[in-house]
Amino acid sequence: QMQLIESGGGLVQAGASLRVSCAASGLTLTIRAMAWFRQVPGKEREFVAGITWTGSMRYYTDSVKGRFTISRDNAENTVYLQMNNLKPEDTAVYYCAAARPRLPVNANSARNADNYDYWGQGTQVTVSS
């Protein structure tokens, strides 16, 4: 069964750091663009960060630039989102997503949820003030 499994969420205070991970099972991530999205109740799912399948380009939503870093470890078939200087408005369920193999993405297409075929179950990140 092909699935993405997120981990590493939790409850932290504002200003703290957290790293969430996305591991694949039955699915090779090395040739897939990857992304992190987040969602709060009552709102649409929001793009947070994306990385091309080569790892050469990374994209971020404006609100997390300079604080979050997306990375991938192809040997471990895992994608990470390092979140620093967390703010209460970062509170959400964070989902990782995998695009179809070798799909080239750019700054616009990386933000489109329709380009991603597989989604994890989500991990809750809560930032208290």
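Two strands pair if DSSP finds at least two bridges between them. In this predicted model, strands S4 and S5 form a hairpin with six residues between them, and Gly42 in the turn has a positive phi of about 85°. The structure also holds one disulfide, four aromatic pairs and a largest nonpolar core of 26 residues. The points below take these features by topic.

- Five of the six residues of S4 are buried, so the strand is largely enclosed by the rest of the structure.

**Strand S11 and its partners**

- Strand S2 (residues 10-13) and S11 run parallel and are joined by four bridges, with Gly10 opposite Val125 in S11.
- S9 pairs with S11 in the antiparallel sense over three bridges, and Tyr94 has Thr123 in S11 as its bridge partner.
- The two faces of S11 contrast: Thr123, Val125 and Val127 make up the covered face, while Gln124, Thr126 and Ser128 make up the uncovered one.

**Four-stranded open sheet**

- Four strands form an open sheet in the order S1-S3-S8-S7, with antiparallel pairing.
- Strand S1 (3-7) and strand S7 (68-73) stand at the edges with a single partner strand each, so one side of each has no neighbour in the sheet.
- On average, neighbouring strands of this sheet are turned by 15° against each other, direction ignored.
- Within the sheet, S3 and strand S8 (residues 78-83) are joined by six bridges in the antiparallel sense; Leu18 stands opposite Met83 in S8.

**Disulfide**

- The disulfide is formed by Cys22 and Cys96, with their sulfur atoms 2.0 Å apart.
- Cys22 belongs to strand S3 (residues 18-25) and Cys96 to strand S9 (residues 92-99), so the pair ties together parts that are 74 residues apart in sequence.
- The link of Cys22 and Cys96 is right-handed, with 55° about the S-S bond.
- Both Cys22 and Cys96 are buried.

**Nonpolar core**

- Among the 26 residues of the largest nonpolar core, those with the most contacts inside it are Trp36, Leu81, Met83 and Tyr94.
- S3, S4, S5, S7, S8, S9 and strand S11 (123-128) are the elements that give two or more residues to this core.
- S9 provides the largest share of this core, four residues.

- A pair of aromatic rings is described by the distance of the centres and the angle of the planes.
- For Phe37 and Phe47, the ring centres are 5.6 Å apart and the planes stand at 80°; planes over 60 degrees apart count as edge-to-face, so this pair falls in that class.
- Tyr116 and Trp119 form another edge-to-face pair, at 6.2 Å centre to centre and with 70° between the planes.
- Ring pairs link Phe37, Phe47, Tyr116 and Trp119 into a cluster.
- Arg45 lies over the face of Trp119, at 4.8 Å from the ring centre.
- The charged end of Arg45 also sits over the ring of Tyr95, 3.9 Å from its centre.

Key: Residues numbered from 1 in each chain as written. Predicted model: local features only at pLDDT ≥ 70, side-chain atom pairs only at ≥ 80, totals over all residues. Heavy atoms only, no water. Disulfide = S-S within 2.5 Å. Buried < 20%, exposed > 50% of the residue type's maximum accessible area, 1.4 Å probe, protein only. Phe/Tyr/Trp six-rings, centres within 6.5 Å; stacked < 30°, edge-to-face > 60°. Lys NZ or Arg CZ within 6 Å of the ring centre and 35° of its normal. Axes fitted to C-alpha atoms, helices over the stretch in contact; angles between N-to-C directions. Core = buried A, V, L, I, M, F, W, Y, C linked by side-chain atoms within 4.5 Å.
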